[in-house]
Amino acid sequence: KDYGETLKAFKFLAEEAALFASGQPIYSKEVYNVFHEHDDIYWFTSTKVPFWNMRGEVAGLVGINHDITDRKRAEEQLRAAHEELREKNAQLHHLNASKDKFFSIIAHDLRSPFTALIGLTQVLAENIERYTQAQLKSNLEKLQTSAEQVFSLLENLLTWSRIQRGLMEYAPDTLPLGEISAMICDVFMA
């Protein structure tokens, strides 16, 4: 630490020697100093202005240091907050993109069963007198199955929403994929 302080002192002396040689003032130069007691960094602005004697030679200098530590710390906090905000913004952008993709998938998944429901009800409504009781019963059972599947999809969506909002614990479960696939195929084969 003492070596660093010695180097810093030589740097200041070199600046002051340059000021004496050129007569050019140094205005509001930001410098820092480490105080050994706490190893804290303190920032200052340093202004050094030459003054001349009667012969027009630089006779000395006037130096003013202003402690800007609070401002520098506030700037660092602001930079950190800005970085955190940037990261949160990126996360939010990613979450919005995921939400949009999710809604697209849900809309697609809802469209298929509703298309089957609408198509079957339209065919039944337009041709009801052509069907036998057995055919009507079969078609109504298909309608009910399709409506139950849509309802199940909506229930799953609501459950997912409650999980996302922290209103429900996540409890994964096994699903009978073979049965589910068979039910989906039945809807599309109707």
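Read along the sequence, this chain runs α-β-β-β-α-α-α. That comes to four helices and three strands. What you have open is a predicted model, so treat this as a walk through a prediction.

**Stop 1: the whole chain**

Start with everything shown and zoom out. Along its principal axes, the C-alpha atoms fill a box of roughly 125 × 35 × 25 Å. A compact globule of 190 residues would have a radius of gyration near 16 Å, yet this chain has 39 Å.

Buried residues make up 16% of the 190 residues.

Colour by charge if you like: there are 20 positive and 27 negative charges, and their mean positions sit 5 Å apart. As for contacts with a separation of 6 or more, 43% are between residues 24 or more positions apart.

**Stop 2: P25, between α1 and β1**

Head to the loop between α1 (2-22) and β1 (26-35), and select P25. P25 has a relative accessible area of 27%, so it counts as partly exposed. Leaving out residues up to four places away in sequence, P25 touches L19, K48, V49 and P50.

Before moving on, draw a distance line from P25 to L117. The two are 92 residues apart along the chain, and their C-alpha atoms are separated by 85 Å.

**Stop 3: helix α2**

Next, select residues 69-126, which form helix α2. How far apart are its end C-alpha atoms? They are 83 Å apart; at 1.5 Å a residue, the 58 residues should span 86 Å, so the two values agree.

Show side chains for the buried residues of α2: T69, K72, I106, L110, P113, L117, L120 and L124. Keep P113 and L117 highlighted, because both come back at S146, which counts as buried at 4% relative accessibility and touches the pair.

**Stop 4: helix α3 and S146**

Move on to residues 133-164, helix α3. This helix has 32 residues and reaches 46 Å from its first C-alpha to its last, close to the 46 Å expected at 1.5 Å a residue.

The buried residues in α3 are L136, N139, L143, S146, Q149 and V150. What covers them? The cover includes α2 and α4.

For a closer look, pick S146. Its relative accessibility is 4%, so S146 counts as buried. Setting aside residues up to four places away in sequence, S146 touches P113, A116, L117 and V187.

**Stop 5**

Step just past the end of α3 and you reach G166, which takes a positive phi of about 75°.

Is L167 buried or exposed? At 58% relative accessibility, L167 counts as exposed. Draw another distance line, this time to T47: L167 and T47 are 120 residues apart along the chain, and their C-alpha atoms are separated by 60 Å.

Finish at Y170, which lies in the loop between α3 and α4. With 64% relative accessibility, Y170 counts as exposed.

Definitions and conventions. Residues are numbered from 1 along each chain as its sequence is written. This is a predicted model: local features need pLDDT of at least 70, side-chain atom pairs count only at pLDDT 80 or more; totals for chains, interfaces and linings use all residues. Side-chain values use heavy atoms; hydrogens and water are left out. Helices (H or I, at least four residues) and strands (E, at least two) are DSSP runs, numbered from the N terminus. The expected span of a helix is 1.5 Å times one less than its number of residues. Buried means under 20% relative accessible area, exposed over 50%, partly exposed in between (1.4 Å probe, protein chains only). The radius of gyration is taken over C-alpha atoms; the globule rule is 2.2 Å times the number of residues to the power 0.38. Contact means heavy atoms within 4.5 Å. Lys and Arg count as positive and Asp and Glu as negative; His and the chain ends are not counted. The place of a charge is taken as NZ of Lys, CZ of Arg, CG of Asp or CD of Glu.
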